Amino acid sequence: MITTAKITLIIALILTIVVPFGLFLLKEKRTRKNLKTTLAVNICGFFGLLIIGAVMMFAGSATVSAAPEAASAANGLAYIGAALSTGLSCLGGGLAVASAASAALGALSEDSSILGKSLIFVGLAEGVCLYGLIISFMILGSVG
């Protein structure tokens, strides 16, 4: 169901992109300062209207229906645990890949015959992320 408010918001979002850059292109003297000003106006207008649209979308009457199963604190903690296991393992895996890959590239520039060994170390570092994701799935499987 598209209301006039939604149509107005969509038109305003499109205009925040078109109008500043259209005015920039129409100016005879195009400088870096004018481009930065145009970009700043574009970003502020676009994200401002995006925030207004989000507020309009979520505003209204909220009704709560009775769920067949009430959510407990244990379910919430399970979701937090699943998020933490995935997030922290990916953070650690990313740090490990960053150091292993840079060391592997440095070693490959010295001797190209160690490509296989260096790929194994980078792959092991990426495996940490997969282990965290598997643990996350196991936690979410036990919640249901």
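Modeller: Two residues are in contact when heavy atoms lie within 4.5 Å. In this predicted model, S136 touches A82, S85 and T86, leaving aside residues up to four places away in sequence. One of these partners has a polar link as well: the side chains of S136 and T86 are joined by a polar contact of 3.1 Å. S136 itself sits in helix α4, which covers residues 115–143.

Is S136 buried or exposed? S136 counts as buried because its relative accessibility is 5%, and buried means under 20%.

Now the chain around S136. Its secondary structure comes to 4 helices and 0 strands. Along the sequence the pattern reads α-α-α-α. Of the 144 residues, 17% count as buried. Take the contacts with a separation of 6 or more: residues 24 or more positions apart account for 66% of them. The chain exposes about 10,900 Å². Carbon and sulfur atoms supply 75% of that area.

Last, the pockets. The largest pocket has a volume of about 160 Å³. Its lining consists of T3, A5, K6, L9, I10, G53, A54, M56 and M57. Helices α1 (4–26) and α2 (32–58) each supply at least two of the lining residues. By type, the lining divides into 6 nonpolar, 2 polar and 1 charged.

Notes
Residues are numbered from 1 along each chain as its sequence is written. This is a predicted model: local features need pLDDT of at least 70, side-chain atom pairs count only at pLDDT 80 or more; totals for chains, interfaces and linings use all residues. Side-chain values use heavy atoms; hydrogens and water are left out. On a 1 Å grid over the protein atoms alone, a cavity is a set of points where a 1.4 Å probe fits but cannot get out, and a pocket is an open set with protein on both sides within 12 Å along at least five of seven lines; lining residues have an atom within 4 Å of a point. Grid points are joined across faces, edges and corners, and a volume is the space filled by probe spheres set on the points. Ala, Val, Leu, Ile, Met, Phe, Trp, Tyr, Cys and Pro count as nonpolar, Asp, Glu, Lys and Arg as charged, and the others, Gly among them, as polar. Buried means under 20% relative accessible area, exposed over 50%, partly exposed in between (1.4 Å probe, protein chains only). Accessible areas come from the Shrake-Rupley method with a 1.4 Å probe; for residues, only the protein chains shown count as cover. A polar contact is a pair of N or O atoms within 3.5 Å; within protein, one must be able to donate a hydrogen and the other to accept it, and residues adjacent in sequence count only if both atoms are side-chain atoms.
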